[in-house]
Amino acid sequence: MTQATANELDERVVGRRWTVRLDAAGRGSAAVRVSCSRPTCVEQRLPSATVGRAAAVAHLKAHLRAAAGPRDGVYCACRAESCRTHIRSDDRQARTQPWRCGGAVVWAVITDRERRWWQAMECCSRCAAATPGAQVVTTAQTASGPVPDTPDAADRPSTTPVGAPRFSDRSVPAVRPREVPAPRSAPVRRRHPYGRIAQRTVPQDLRPVALRDELAELGQLFRAYQQRTEPDLALLADLHERKARAFATWADVTCDTGLRLDARRAEQAAATARLRHQQRTGGGADSDGPAVARLLTAATQWNHARSVLAYVADHSPLPGPEARLLVVMLTLRTAHTGTGNLVGQDLTSLGLTDPEGLVEQLTGCGWLSIPGTAGDLLASRPENPTPVTVPSLVPHEDGPAPFTFGRKMRPKLSGWAQRVVSDKKLRKARTTAGTRLLALTLATQTSASGRLGPGGTGVALDSLAALCPVGPGELQRLVDQLTAADWITEAAVTDTHLTGRLTEHILPLTCPLP
């Protein structure tokens, strides 16, 4: 506890004062340290600012409980620091307007606006009331008793203030309890009586009144939308459209070019939100059908799925549809870091004729690395998965990564591909690995309504052969298997294109083309 030196003109005891501070523990860390001006207090290190503030307040309260109450008649601690409410001894001009302390002595607690420090001090109640934001914790108990000329008070020291005149013919009146003035509250900013929208204040005198009310209501609706836990892009598009109309009217009334630019930006935001909603639900601009809840919901995710298939088509180490399907699934499992975990069921569920032989071929050519044998990989179970590594996918500092999606996107793409190749209808029809690879490829080559090809015009056979390496004669057989499994309907293989439409229950697994 610090003790300030008293002024030579006033020999009273200086009020006590101490400060508790909250500071950052170091750069780049959320940890904080709590320190106290009392030399006996040990510095604390805490993990966050929230925990640090609670500890600092508790530390200050403990000091206030342990300390004795405020002492009557002490010198104000704030005056010793030459605060703005007191006169400095070297400022002679200010002596014409002295600050008059008064009232009972109190414990006052003040803090800064950001709550980075807390200070407790003994001062008079008038100084506490004049300090913005100060809170009075405890008030000194003033003495009240007989006058000094009674025998009981003969030896008691005089309570007359130092320097005040004394008269022998007048008795000193008994000291009465002094009332504590109410502390002056911190200034509170007055908010505008009307609303705000897009960091703009809606004027109270804006006319017409319907426009003023519409702007205020839109501001409240946008703030309410920000508090939602789940996005609603259709609702957001409607709000942006209303905002565009309201800002355009506001610009016409005030002739403000900035408002007109904000109206255009709101129109663009409404169109973007509407397009994203259509992409997520699978409906088109003129679609009257029900919305489709797709497993991959955004256009960026659909593009990432197509990029993986295109990458495997250019970097597959083995020929044939079965090897291509296995390489696609392993690439999706290890795409981000080049490493991943596999169990035997991940391979046996792909419909491969010889999964162990394919794994041995991939490890033999160096494309895949596993700690044991291919048989050990097939025998592994979920409680003890086998770690696998694809060296070509391990990121290097001197070269770009093959894929642009991040760590959280990889399991979404891998889960989508696993759902497609393990679809119930494909498993019940006992389709081959080539058929499942074709199903996975066609799921990325449809329109929003499920029609094959961009705009529903069909998939070109040359581009389909690059993604799914099957011959023209074998393609018809695989299409027939998908038709029998109720995956595709109205399918037709011409000399140049494969046309048709994926069935309705497959639409949630599709990745529509732009």
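**Aromatics and cores**

Modeller: Tyr311, Phe403 and Phe405 form one aromatic cluster. Before we go on: this is a predicted model, where local features need pLDDT of at least 70, side-chain atom pairs count only at pLDDT 80 or more, and totals for chains, interfaces and linings use all residues. Residues are numbered from 1 along each chain as its sequence is written, and side-chain values use heavy atoms, with hydrogens and water left out.

Biologist: How many aromatic pairs does the structure hold?
Modeller: It holds 4. Rings of Phe, Tyr and Trp (its six-membered ring) pair if their centres lie within 6.5 Å; planes under 30 degrees apart are stacked, over 60 edge-to-face, the rest tilted. One of the pairs is Phe247 with Trp250, edge-to-face at 5.6 Å centre to centre and 75° between the planes.

Biologist: Where do Phe247 and Trp250 lie?
Modeller: Both are in helix H5 (residues 233–254), 3 residues apart, about one turn of the helix. Helices (H or I, at least four residues) and strands (E, at least two) are DSSP runs, numbered from the N terminus.

Biologist: Is Phe247 buried or exposed?
Modeller: Buried, at 0% relative accessibility. Trp250 is buried too, at 5%. Buried means under 20% relative accessible area, exposed over 50%, partly exposed in between (1.4 Å probe, protein chains only).

Biologist: New topic. Which residues touch the most other members in the largest nonpolar core?
Modeller: Leu326, Leu368, Trp416, Leu438 and Trp487, out of 67 residues. The largest share, 8 residues, comes from H8. A nonpolar core is a set of buried Ala, Val, Leu, Ile, Met, Phe, Trp, Tyr and Cys residues joined through side-chain atoms within 4.5 Å.

Biologist: How many residues of H8 are buried?
Modeller: 12 of its 14, so H8 is mostly covered. Among them are Arg324, Leu326 and Thr331.
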